[in-house]
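Me: I am new to this structure and would like to know what lies behind the words used to describe it. Could you take me through it with care?

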Amino acid sequence: MRPMLLALLAKEPAHGYELKQALEQIFGSAYPSPNIGQIYVTLGRLEKDGLVRVVDVEQSNRPNKKVYYLTAAGREALETWVDEPTEGPRVRDEFFMKLVLAPMTGIADRMAMINRQRRHYLGLMRDLNELAGRTDRDNRAALLLIEGAMLHLQADLDWLERCQEELS
Amino acid sequence: MTSPVVDTVNLVKIYQDGEVPVPAVRGVDLRVEAGEFVAVMGPSGSGKSTLIHMIGGLEARTSGEIWLDGQRADMLKESAWALLRRKKIGFVFQFFNLVANMTVADNVELPALLAGVSAKEARSRREHLLGELGLTARADAAPAQLAGGEQQRVALARALANKPSLLLADEPTGNLDSRNTRDVLRLLGEVHREGQAIVLVTHDARVASLADRVVSLLDGQIVDDGGAGLARRRPRGGPGDVIELRG
């Protein structure tokens, strides 16, 4: 979450709750809503590392509001994050480890494992279909995120099929 | 107790490659109840298309039985099969098979007219189906003027024109982008809710995940048959948690 908060603060200084709202608005229901505690913990770490600074803004009749803003080091860290290539799709897959190792122990049958996993993936796909149906047509970021997840799942299923052909 | 829409018993198909027999389907028992939505998945060469072609009467079986709505179908003559198909079955081919010298609208209306539906009703049904699939503006085009994805959707509209009690489809979203796939999924959902049975062959997990049952074929045999998603046990969380792909 660190770089996401840096990116939001690069746009304008904000307090913790505003950052939470901005994340929810941009990614919609497609992204797990961060809890406010996590956001403050992350902001605290960013502050300790000198990437953000905080000012107390006085408010009448209320406790002071802590407003965070990006430092020069913070902007540099953000630029590095944006510019560097992002880690590709996962190559070590936990299910694949199970599939290769479990039959050696005699506790599992590969065909049954693959069938179970396929049903699980299809269940996830069904959830994604429903999620896409509930998502606001105008929220392109959310819809693209859901579509991305669907394409990953499709690849997982295709790969499962290859495993079934080769290993059974 | 109503009969299943489809019931195959020890269904076998063996192709002949010169001297060599090539088994494509090896003893499939598949029972589909009225109104049920079944997706058939499996690697290429696993016998999916052959199976669905045999159920639709487009390919002869080698041995075994095919029952449709309680009627033994595999013993029928070609003409009787064609009649049965016209009355009860809609078929979406992998390669569309639209009539080249007819407009999109006429292609879609034809099966309904052949089945004796009034011109007025055939027209209103066609307008509804083309509307659902985003093809209203293409009604007067010839099939050759359409992109592959458009032809595929016209083929689906045609298969549904008759409100068949059984829709058979071979990769009905194989040529579609994600937006058009969404339209097709919505229409399939509607067809399913209206109580028509659907058996479709697909690689597309979005399509398969909507089915009541997913039948997996491998080397011409059923290796799994069950509900998508019924097996999962996940802690309740927000819908967003679905997105978190394991890193």
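**Pairing, burial and overall form**

Reply: In the antiparallel sense, strand 1 (residues 6–17) of chain B pairs with strand 4 (residues 63–68) of chain B over five bridges. This is a predicted model, in which local features need pLDDT of at least 70 and side-chain atom pairs count only at pLDDT 80 or more, whereas totals for chains, interfaces and linings use all residues. Residues are numbered from 1 along each chain as its sequence is written, while chains are lettered from A and ligands numbered from 1 in the order in which they are written.

Me: What makes strand 1 and strand 4 of chain B a pair?

Reply: Two strands pair if DSSP finds at least two bridges between them, strands being DSSP runs of E with at least two residues and helices runs of H or I with at least four, numbered from the N terminus. Strand 1 and strand 4 of chain B have five bridges, and so they count as a pair. Within this pairing, B:V6 stands opposite B:L68.

Me: Why are strand 2 and strand 5 of chain B said to stand at the edges?

Reply: The open sheet of four strands in chain B has the order 2-1-4-5, with antiparallel pairing. Strand 2 (20–32) and strand 5 (71–72) each have a single partner strand, so one side of each is left without a neighbour in the sheet.

Me: How do you know that strand 3 of chain B is largely enclosed?

Reply: A residue is buried if 20 or more other C-beta atoms, placed from the backbone, lie within 10 Å of its own, exposed if 12 or fewer, and partly exposed in between. Five of the five residues of strand 3 (residues 37–41) are buried, so the strand is largely enclosed by the rest of the structure. Both faces are covered, with B:F37, B:A39 and B:M41 on one side and B:V38 and B:V40 on the other.

Me: Which strands does strand 3 of chain B run parallel to?

Reply: Four bridges join strand 3 to strand 8 (residues 197–201) of chain B, where B:V40 stands opposite B:V201. Another four join strand 3 to strand 9 (residues 213–218) of chain B, where B:V38 has B:R213 as its bridge partner.

Me: How does the radius of gyration of chain A stand against that of a compact globule?

Reply: Taken over C-alpha atoms, the globule rule is 2.2 Å times the number of residues to the power 0.38. For 168 residues a compact globule would come near 15 Å, but chain A has 22 Å. The C-alpha trace of chain A spans about 70 × 35 × 30 Å along its principal axes, and buried residues make up 28% of its 168 residues.
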